[in-house]
Amino acid sequence: MRRSTSLASAIGIAVLAFVVSDHVLPTARLIRAEAEQRAVSRKGPARPELDTRRRQPTVVRVFVHVLRDATSGGVARARIERQIAVMNLAYAGGQSARGSYVPLVFRLARVDVTANAGWFRMEEGSVAEKNAKRTLHRGDASDLNVYVTGSRSGLLGWATQPTAYRQAPMLDGITISRRALPGGLTGPYSSGDVAVHESGHWLGLLHTFTGRCGTRGDLVGDTPRESRPSYTCPRTRDTCAAPGRDPIHNFMDYSYDRCMNRLTAGQATRMMRAWSALRAVPGA
Ligand SMILES: [Ca+2]
Ligand SMILES: [Ca+2]
Ligand SMILES: [Zn+2]
């Protein structure tokens, strides 16, 4: 799950409550720069060509369900294609020289558009969400379903964890506010990194601040502990005595898109384990 800064400061404690519930109940959840993106695409991802040990990536089919109402909403297909490209660059480790490679590649399988005002404004956990997903969901555990909404709350997106698939397969997938697609209207959150963050949850990642300064942290060994979300880009922040500055550049924090640019090797391993155990399962 990811929230925007203004809302976060406005609701303060409520955000913390969300963080805790995200940790305790790893099912649904939240949220995610343009100059940086352009710089990366000019230069191209430097690492992938260099790393000869990299595994052949596994293709993840992506079913995008665009919601709108009778008179507004909807997004151009080109923006959806840009979104997929942002995800692929991020998973290839191409947003930062310190990004790890994740051997998954997202491929757009289908885009459908549904006019339904209730579904268009769906919020996390709502009846509208359940109805929309039960109607529109396609494929199996290995397919990524993406719902593009016109949510008016500060929530930029949310996701289901792979462990939730068996109980509620039709609810599986990620939800992204159309404002957070590349070229959207959320300023610091409109470069497409919200979808990187949400797909990270979909592949079993927790927030870098989950577990705060405790021993377990986010269940990933190479992400420094962090006591609370980062909402802007506080480069030298260090909120836990445990080694390392806060991982504010990690896609699984809440920083601005121009600030978040990497996944770690430990996160890549956790995602691929979740993929093998819970998603790439025949008949699931
Ligand atoms: Ca520290
Ligand atoms: Ca970024
Ligand atoms: Zn999240």
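The model you're looking at is predicted. The protein chain holds nine helices and six strands. Of its 284 residues, 47% are buried.

**The sheet**

Let's start with the strands. Six of them line up as an open sheet, in the order E1-E5-E6-E4-E2-E3, and the pairing is mixed. At the edges sit strand E1 (2–3) and E3, each of which pairs on one side only.

Strand E2 (residues 58–68) runs parallel to strand E3 (residues 104–115), and 11 bridges link the two. To find your place there, look for Val60, which stands opposite Phe106 in E3. Strand E4 (residues 144–149) also pairs in the parallel sense, this time with strand E6 (residues 174–177) over four bridges. Here Tyr147 has Thr175 in E6 as its bridge partner.

How do you get from E2 to E3? Along with helix H5 (residues 77–91), these strands make a right-handed β-α-β unit.

**Helix H9**

Next up is helix H9 (residues 265–279), which has 15 residues. From its first C-alpha to its last it reaches 20 Å, close to the 21 Å expected at 1.5 Å a residue. Which residues of H9 are buried? They are Gln267, Ala268, Arg270, Met271, Trp275 and Arg279. Looking down the axis of H9, you'd see these buried residues fall within an arc of 160°, so they line one face of the helix. The face turned away from that buried side carries Ser276 and Ala277, which are exposed.

**Two residues in a loop**

Finally, have a look at the loop between helix H8 (193–202) and H9, where you'll find Arg212. Leu219 has its place in the loop between H8 and H9 too. Most residues other than glycine have a negative phi. Arg212, though, has a positive phi, near 45°, and Leu219 has a positive phi of about 70° although it is not a glycine.

Conventions: Residues are numbered from 1 along each chain as its sequence is written. Chains are lettered from A and ligands numbered from 1 in the order in which they are written. This is a predicted model: local features need pLDDT of at least 70, side-chain atom pairs count only at pLDDT 80 or more; totals for chains, interfaces and linings use all residues. Two strands pair if DSSP finds at least two bridges between them. A crossover is right-handed if, with the strands pointing away from the viewer, the path from the first strand over the helix to the second runs clockwise. The expected span of a helix is 1.5 Å times one less than its number of residues. A residue is buried if 20 or more other C-beta atoms lie within 10 Å of its own, exposed if 12 or fewer, and partly exposed in between; C-beta atoms are placed from the backbone. The arc is that of the directions from the helix axis to the C-beta atoms.
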